Amino acid sequence: MNKFKRIHVIVMDSVGIGEAPDAADFGDVGSHTLGHIAEKMNGLNMPEMQKLGLGNIDAIKGLEQVENPTAYFGKMQEASVGKDTMTGHWEMMGLNIDKPFKVYPEGFPEELISTLEEKIGRKVIGNKPASGTAILDELGEEHMKTGAIIVYTSADPVLQIAAHEEIIPLEELYHICEVARELTLSPEFLVGRIIARPFMGEPGNFVRTSNRHDYALKPFGRTVMNELMDAGLDVLAIGKIYDIFNAEGITSTERTKDNMDGMDKFITTLDKDFTGISFLNLVDFDASFGHRRDPIGYGNALEEFDARLKEVLPKLTEEDLLIITADHGNDPTMPGTDHTREFVPLTVYSPRLKEIKELPLRMTFADIGATIAENFGVAKTAFGESFLSLLK
């Protein structure tokens, strides 16, 4: 088969498809993000993904199996020792993370907080795990009165800093996050991401703005994206991909406000003439619904995404390969607010593919990176097995 000119990877952030074999090690026995959302919705209405074979991967209420799916379908198992966004995306591009990032269920060490306060000249309030909206209701008014920054974390390896844009200008907030990033690079702390969480509004009516910015660690090794860029190929990042990889291996980037804006920008990208990959993360599934344990909102977002595929699929030519997958689970029916250790779905579509069948279980997300590397003839990373030859 001739190689594809463009490969597009869409990550439905947190859309897991059933507990992984090691789910017990993560406290996630019984998790099934897609399945449980479908039950709460009394059936998911996703006709485009259904045609691609999503319902053929596992039993999902409302997504019946189709006799002749239009895409290769299957699922992937995470090999790395984590269930967070960075680990999932990094593995997808060829890395195996064998040391998990640190989480802080009791808040961050006093040594870190006091050093941060000293370097930025502001006090810290909060310093505990919290919902990003609930902590604004709790501490937003105090922040506005005192100018102290709101620091909080979650079940993820993140340090989040919230500030009202009229109290602390964006430029200063971003500088504060850069300071925090520098302080947490050491193995002693090893926070995966620092996240700027600007907001606006008045007490009782605070709203987070779209000026979020993530400060991630650099990937621990070279990814297939580095290989593509060094070979003069295009790596177009859409959404928070730029932040997840800390700009490594990316030739251009577009930020997004939400899932629908991400789909708008992805559809525009399909009209561009480029050789290489586009890489889109749709974060709302995870941030707006999974962590907030909102299965109905999650289900509606899935159906909205599916509707946009009606615009995507007709734009794909025989030179295009579309891969739709996820980076971890986040079952909104499970206790707590953490990600869940799950298999992730995999659908692989191109108008030129004819002998559609189920793909064997992928034992690592890195098989996507290996497939991309083989297609473009660049050096593959140490992990992953290409499935390019299986696509007929």
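These legends describe close-up views of a predicted model.

**View 1. The two assigned domains.** The domain assignment divides the protein chain into domain 1 (6-99 + 220-390) and domain 2 (110-216). Their C-alpha centres are 29 Å apart. Where the two meet, domain 1 contributes 13 residues and domain 2 contributes twelve residues to the contact. According to the unreviewed UniProt entry, the annotation "domain: Metalloenzyme" covers residues 5-379. Over residues 5-379 the chain is 33% helix and 20% strand, with the end C-alpha atoms 17 Å apart.

**View 2. The seven-stranded sheet.** Seven strands form an open sheet with mixed pairing, in the order β2-β13-β12-β1-β11-β9-β10. Strands β2 (72-76) and β10 (252-254) are the edges, each pairing on one side only. Direction ignored, neighbouring strands of the sheet are turned by 15° against each other on average.

**View 3. Strands β12 and β13, with helix α12.** Strand β12 (residues 320-325) and strand β13 (residues 344-349) run antiparallel and are joined by three bridges. Ile324 has Thr347 in β13 as its bridge partner. Helix α12 packs on the sheet and touches β1 (6-12), β11 (276-282) and β12. The direction of α12 makes about 175° with that of β12.

**View 4. The largest nonpolar core.** This core has 84 residues, of which Leu44, Phe305, Ile368 and Ile372 touch the most other members. Helix α12 (residues 295-312) supplies the largest share of the core, six residues. Another core, of 24 residues, lies apart from it and has Tyr104, Leu112, Leu116 and Phe189 among its members. In soluble globular proteins, nonpolar side chains tend to be buried together.

**View 5. Surroundings of Ile368.** Ile368 is one of the residues that touch the most other members of the largest nonpolar core. With neighbours within four places in sequence left aside, Ile368 is in contact with Val9, Met76, Met92, Met93, Ile323, Thr325, Leu346 and Phe387.

**View 6. His32 in its loop.** His32 is found in the loop between β1 and α1 (33-40). The relative accessible area of His32 is 14%, so this residue counts as buried, the cut-off being under 20%. Not counting residues up to four places away in sequence, His32 touches Ile17, Gly18, Asp58, Ile60, Asp331 and Glu342. From His32 to Ile60 the separation is 28 residues in sequence and 9.8 Å in space, C-alpha to C-alpha.

Key. Residues numbered from 1 in each chain as written. Predicted model: local features only at pLDDT ≥ 70, side-chain atom pairs only at ≥ 80, totals over all residues. Heavy atoms only, no water. UniProt positions renumbered as here; feature names shortened; annotations may be inferred. Helix = DSSP H or I, 4+ residues; strand = E, 2+ residues; numbered from the N terminus. Core = buried A, V, L, I, M, F, W, Y, C linked by side-chain atoms within 4.5 Å. Buried < 20%, exposed > 50% of the residue type's maximum accessible area, 1.4 Å probe, protein only. Contact = heavy atoms within 4.5 Å. Pairing = 2+ DSSP bridges. Axes fitted to C-alpha atoms, helices over the stretch in contact; angles between N-to-C directions. Domains from an automatic or database assignment.
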